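User: I have a model open and would like to go through it with you. Could we begin with how its helices pack?

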Amino acid sequence: MPEENQSVDTINNIPESGEELLRKIAEHPCYDKKAQHKYGRIHLAVAPKCNIQCNFCVREFDCVNESRPGVTSKVLTPDEALEKTRQIVADYPFIKVVGIAGPGDPLANDATFETFELIKNEFPELTLCMSTNGLLLPEKLQDLIRVGVSTLTVTVNAIDPEIQAKIVDHIAYHGKVYRGLEGAKIQVKNQLEGIKAAVDAGLVVKVNTVLIPGINDKHVIEIARKLNELGVYIMNVMPLINQGAFADIEPPTAEERKAVQEACEPYVMQMRHCRQCRADAYGLLAQDMSQMSEERRKLIKIQSKGDIEKAKEVLKTNGKKES
Ligand code: CLF
Ligand code: SF4
């Protein structure tokens, strides 16, 4: 079994490829393990509301399905998010991906679409990325395509509604609250339909699965088989961080998680370098600059600018040699 997920140049199952999509994947730090040391992402925390209640979620913190549990990101308006993007992309040109990953569910917040539209108009070359619990995916997919999202993460913790009902307490859907199995059936159906439609539309889909011992650990392999059928590009098996109603469940060990990833690998490529970022993280995955001192950030800024100057010099010299 390979130790780490493959890189874009060894993968052929890109749905609706094309040069532009290949470039986006090769520059996406979450989708291509080789890109993680070269390219960064900025997360814009514009989406505070959520429409479901996972049993491991404590609402005052960021969404646990994509972000690091136990941290709270400051919510921005779409205009503030655009301004932040302007500043950060100018200072750190290695940032190629703009993601919205919470603090709640991005599809449950109109600000998500407004923000993507602002970013797409000003920075058409950046990759737009989003993560969701998938409940609203079938009905919002066209809007996501319209605003230019090309890489999408859906959290799928179970495809069997009986298991899903143990993980999500209730959902709020079209003005009504559905509990237990009833809610789980709606969510699983929408997640799977939404993923299929997203893949068919040419988005590159990643699935996050929170590994919860005693609840879905034996079931994750069935999820992986289904993802293969649906054409999902990559799967990220994340360890449970026990909080909320699941505070008493022991999280999986590193070995247990590795064994699950190896069992899933034949069906869908595995992501093994996730950092469980904050909903307001930016920089390289291993170097969240939202948590750095001003001095350290300045140093990275100088280095990035220096790299650009050096690259320009090289290009000039090469040009002279050729002429
Ligand atoms: Fe952000 Fe997520 Fe897009 Fe990456 S993060 S929305 S796919 S740009 Fe990446 Fe962070 Fe892991 Fe997410 S390391 S938590 S997988
Ligand atoms: Fe919490 Fe995220 Fe689940 Fe919503 S989808 S309840 S924010 S973990």
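User: Which hand does the crossing of α2 and α3 have?
Analyst: The crossing of α2 and α3 is right-handed; a crossing counts as right-handed if the near helix is turned clockwise from the far one by less than a right angle, and as left-handed if anticlockwise. Helices here are DSSP runs of H or I with at least four residues, strands are runs of E with at least two, and both are numbered from the N terminus. This is a predicted model, in which local features need pLDDT of at least 70 and side-chain atom pairs count only at pLDDT 80 or more, whereas totals for chains, interfaces and linings use all residues. Residues are numbered from 1 along each chain as its sequence is written, and chains are lettered from A and ligands numbered from 1 in the order in which they are written.

User: What are the angle and the axis distance for α2 and α3?
Analyst: Helix α2 (residues 78–91) packs on helix α3 (residues 110–122) at about 35 degrees, and their axes are 9 Å apart. Axes are lines fitted to C-alpha atoms, for helices over the stretch in contact, and angles run from 0 to 180 degrees between N-to-C directions.

User: Which residues make the contact?
Analyst: From α2 come Pro-78, Ala-81, Leu-82 and Thr-85, and from α3 come Ala-111, Glu-114, Thr-115, Leu-118, Ile-119 and Glu-122. Two residues are in contact if their C-beta atoms, placed from the backbone, lie within 7 Å. By class, the contact of α2 with α3 has six nonpolar, two polar and two charged residues. Ala, Val, Leu, Ile, Met, Phe, Trp, Tyr, Cys and Pro count as nonpolar, Asp, Glu, Lys and Arg as charged, and the others, Gly among them, as polar.

User: And α7 with α8: what angle do they pack at?
Analyst: Helix α7 (residues 220–230) and α8 pack at about 35 degrees with axes 9 Å apart, and the crossing is right-handed. Val-220, Ile-221 and Ala-224 in α7 meet Val-260, Ala-263 and Cys-264 in α8. That contact has six nonpolar, no polar and no charged residues.

User: Turning to the ligands, which residues come nearest to ligand 1?
Analyst: Of the 17 residues around ligand 1, Cys-30, Gly-99, Cys-129, Cys-274 and Cys-277 come nearest. A residue is near a molecule or strand if its C-beta atom, placed from the backbone, lies within 6 Å of it. The shell around ligand 1 divides into seven nonpolar, six polar and four charged residues.

User: Which strands supply at least two residues of that shell around ligand 1?
Analyst: β1 (40–43), β3 (95–100) and β4 (127–132) each do.

User: Is β4 open or enclosed?
Analyst: β4 is largely enclosed by the rest of the structure, because six of its six residues are buried. A residue is buried if 20 or more other C-beta atoms lie within 10 Å of its own, exposed if 12 or fewer, and partly exposed in between, with C-beta atoms placed from the backbone. Thr-127, Cys-129 and Ser-131 lie on one side of β4 and Leu-128, Met-130 and Thr-132 on the other, all of them buried.

User: In which sense do β3 and β4 pair?
Analyst: β3 and β4 pair in the parallel sense over four bridges, and Ile-100 has Met-130 of β4 as its bridge partner. Two strands pair if DSSP finds at least two bridges between them.

User: What surrounds ligand 2?
Analyst: The residues around ligand 2 include Cys-50, Cys-54, Cys-57 and Cys-63, as well as Asp-105 and Asn-133. By class, this shell has six nonpolar, four polar and one charged residues.

User: What is the strand order in the three-stranded open sheet?
Analyst: The order is β2-β6-β7, with antiparallel pairing. The edge strands are β2 (52–54) and β7 (176–179), each pairing on one side only. The twist averages 15 degrees from one strand to the next. Helix α6 (residues 180–200) lies across β2, β6 and β7 and runs at about 60 degrees to β6.

User: Between β6 and β7, is His-174 buried or exposed?
Analyst: His-174, in the loop between β6 and β7, counts as exposed, because it has 9 C-beta neighbours inside 10 Å. Its phi is near 50 degrees, a positive value in a residue other than glycine.

User: Where is Pro-103?
Analyst: Pro-103 lies in the loop between β3 and α3. The peptide bond from Gly-102 to Pro-103 is cis, with omega near 15 degrees.
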